[in-house]
Amino acid sequence: ATVASSSPGVAAVTAVPPGKAQELVSHFAQSASLPVELLATVYLRALSGHLTTLRYINAFAVGGGVVVEDQPDVSAVLSAYNQQGDPTLYEEYYSGLKHFIECSLDCHRAELSQLFYPLFVHMYLELVYNQHESEAKSFFERFHGDQECYYQDDLRVLSSLTKKEHMKGNETMLDFRTSKFVLRISRDSYQLLKRHLQEKQNNQIWNIVQEHLYIDIFDGMPRSKQQIDAMVGSLAGEAKREANKAKVFFGLLKEPEFDVPLDDEDEEGENEEGKPKKKKPKKDSVGSKSKKQDPNAPPQNRVPLPELKDSDKLDKVMNMKEAARRVRLGPECLPSICFYTFLNAYQGLTAVDVTDDSSMIVGGFADSTVRVWSVTPKKLRSVKTAADLSLIDKESDDVLERIMDEKTASELKILYGHSGPVYGTSFSPDRNYLLSCSEDGTVRLWSLQTFTCLVGYKGHNYPVWDTQFSPYGYYFVSGGHDRVARMWATDHYQPLRIFSGHLADVTCTRFHPNSNYIATGSADRTVRLWDVLNGNCVRIFTGHKGPIHSLAFSPNGRFLASGATDGRVLLWDIGHGLMVGELKGHTDAIYALRFSRDGEILASGSMDNTVRLWDAVKAFEDLETDDFTTATGHINLPENSQELLLGTYMTKSTPVVHLHFTRRNLLLAAGAYSSQ
């Protein structure tokens, strides 16, 4: 306990661990002449672990009595714990409130109905905590059917907590008790509720509202049922409006400029493609896409990024040549889809990634192996042994070819090292490295020159569900069962940043195209955006009704798409911190999302064995992102999923686990055939 005494009789108390109760009370006894009753109350409450929100007791001995100064909600907290409420009346309290809300005007009813779930959970937990087991059981049975369908999974966990002991080790419930459930309610609805509870002297409910809920009150019209339903459903309610106010630099960094000599470029063409290139008239500084700096972009050196190597420059040139041949997609011109089916994958395919230039594909498997395939005629080769390398002429033009050992050429390389299923894989942008993360709690970095493991990064103590390289290489992110995401650099064995805030597993991680931000999706049904520079959470997006398994940033960096087990794809405007679209159509969890190279089309892949293509241009074109919408969160989502859906492509029996657009906008999809 931290106890500070500024003058006799005044003490400030913050969170008290139960074991510290005696010290606390002895301090009170010395610092002020407090009456025995108050000391006893403080002592008992501290013992039961309840004294967490008692911030200030300004107590003065006045003629033997005690005056508790009117500090915010202190008197309420004390009175709440003097009589914790008659357990037999809990059902009556709840049904009284339910009757009041159901009989209130339509405009308030939708908003006040948000109270049902958090109150139900806290009242049930309070009954269990105070060991009124039969009352808790009857309370649960009577009211659990009234809760919204998207809380079913949470209620299943709740129903198994029937004794005080069960609550000790249960993290979900711990979170629920410690983090405040956020509700957004208009001022009118809030006043109505407050008046009702105070008239009815319904202290029990009012205390829970004050202690465990955070009510974000806004001025203006109450929200409709549809508007509320779009945003709720996460483990801790909605995001506070403050949470999405910080400025986010969502623009792209300026591409470096470099000159490409004419003849080199032609040789390059001969080597790579085996046929001479058509000459292009434009030759000055390839590599400068736009000369102007994007006004929404972060300063170029805000986050230190690795220097471009010569090989990276060559790759950029190749990339531009490919881009010149890119197909412009749109509703009239849909991409071809090439599906890589993993047959006989009896090891259980758990992760897939494709290199940016679409030359290699990797699979992570439940038998703890990582398998890398070449999908071009060029086979995978390892570097020669040290003895052989010493014989090579280092000045020769084709030294990079000569160092490769032809004897090792094969289509497939298997990487052994993990001791549990591999849940995430990611190629580095320069194709020299590969990351894999596993149930064994480690992230491994593999060399694609030698096909051996270079480093094992240990930091997560539990399964690691996803990992991804930054678009500039060097940095990577991982997220796992320990509910935090970590950002690493390949040459540091400890994380550079730890992003903590999710209330459940971090199930997927993605870097923003400018590498200054990281998005994480979680089983707490929220998406968070983190600032790499300082580790702060700058956006919290709520609205999904199930764990989130896929994320994709639009190529221009302005938008984020997220897919979850609820079968919906939600679209977010990062700058304004708003949901701007909902794509319905899938009937199962969405494990893959990818924007086409120019952002015209969003592809989604699901466990329902389909790939769906959506019109991203239309989805984002006329957005209502005025100040009013941003301030109140009154979002009006158009019901236009059917208009935006451009095509649905079924596989025979293959859930889609990965999607990738090639540099020319051919869509590659991957999954393992399942016979059942």
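## A buried phenylalanine pair

Phenylalanine 469 has a relative accessibility of 3% and therefore counts as buried, where buried means under 20% relative accessible area, exposed over 50% and partly exposed in between, with a 1.4 Å probe and protein chains only. Phenylalanine 476, with a relative accessible area of 0%, is buried as well.

This is a predicted model, in which local features need pLDDT of at least 70 and side-chain atom pairs count only at pLDDT 80 or more, while totals for chains, interfaces and linings use all residues. Residues are numbered from 1 along each chain as its sequence is written, and side-chain values use heavy atoms, with hydrogens and water left out.

## Aromatic pairs

The structure holds 25 aromatic pairs, a pair being two rings of Phe, Tyr or Trp (its six-membered ring) with centres within 6.5 Å, stacked if the planes are under 30 degrees apart, edge-to-face if over 60 and tilted for the rest. In one of these, the rings of tyrosine 94 and phenylalanine 143 have centres 4.5 Å apart and planes at 50 degrees, so the pair is tilted. Tyrosine 94 belongs to helix α4 and phenylalanine 143 to helix α7, so that the pair links distant parts of the chain, 49 residues apart; helices (H or I, at least four residues) and strands (E, at least two) are DSSP runs, numbered from the N terminus. Tyrosine 94 and phenylalanine 143 are both buried. Phenylalanine 469 and phenylalanine 476, by contrast, form an edge-to-face pair, with 6.0 Å from centre to centre and 65 degrees between the planes.

Ring pairs also link a cluster that consists of Tyr94, Phe116, Phe120, Tyr124, Phe139, Phe140 and Phe143.

## Packing of α4 against α6

Helix α4 (residues 90-103) and helix α6 (residues 116-129) have axes that come within 11 Å and cross at roughly 175 degrees, the axes being lines fitted to C-alpha atoms over the stretch in contact and the angles running from 0 to 180 degrees between N-to-C directions. This crossing makes α4 roughly antiparallel to α6, a term for angles over 145 degrees, with those under 35 counted as roughly parallel, 65 to 115 as roughly perpendicular and the rest as oblique.

On the α4 side the contact (heavy atoms within 4.5 Å) is made by Tyr90, Tyr93, Tyr94, Leu97, Lys98 and Ile101, and on the α6 side by Phe116, Leu119, Phe120, Met123, Glu126 and Leu127.

## Salt bridges

The count comes to 34 salt bridges, each defined as a side-chain nitrogen of Lys or Arg within 4 Å of a carboxyl oxygen of Asp or Glu. Lysine 225 and glutamate 148 form one with an N to O distance of 3.0 Å; lysine 225 lies in helix α13 (residues 225-231) and glutamate 148 in the loop between α7 (133-143) and α8 (152-159), so the pair ties together parts that are 77 residues apart in sequence. Both residues are partly exposed, lysine 225 at 38% relative accessibility and glutamate 148 at 31%.

Arginine 241 forms a salt bridge with aspartate 216, their closest N and O atoms being 3.1 Å apart. Arginine 241 sits in the loop between α13 and α14 (262-273) and aspartate 216 in strand β6 (residues 213-218), 25 residues apart, and both are buried. Glutamate 238 and arginine 223 form another salt bridge, with closest N and O atoms 2.5 Å apart, and these two residues are also buried. Salt bridges that share partners join Asp315, Asp356, Asp357, Arg431, Arg597 and Arg663 into one network.
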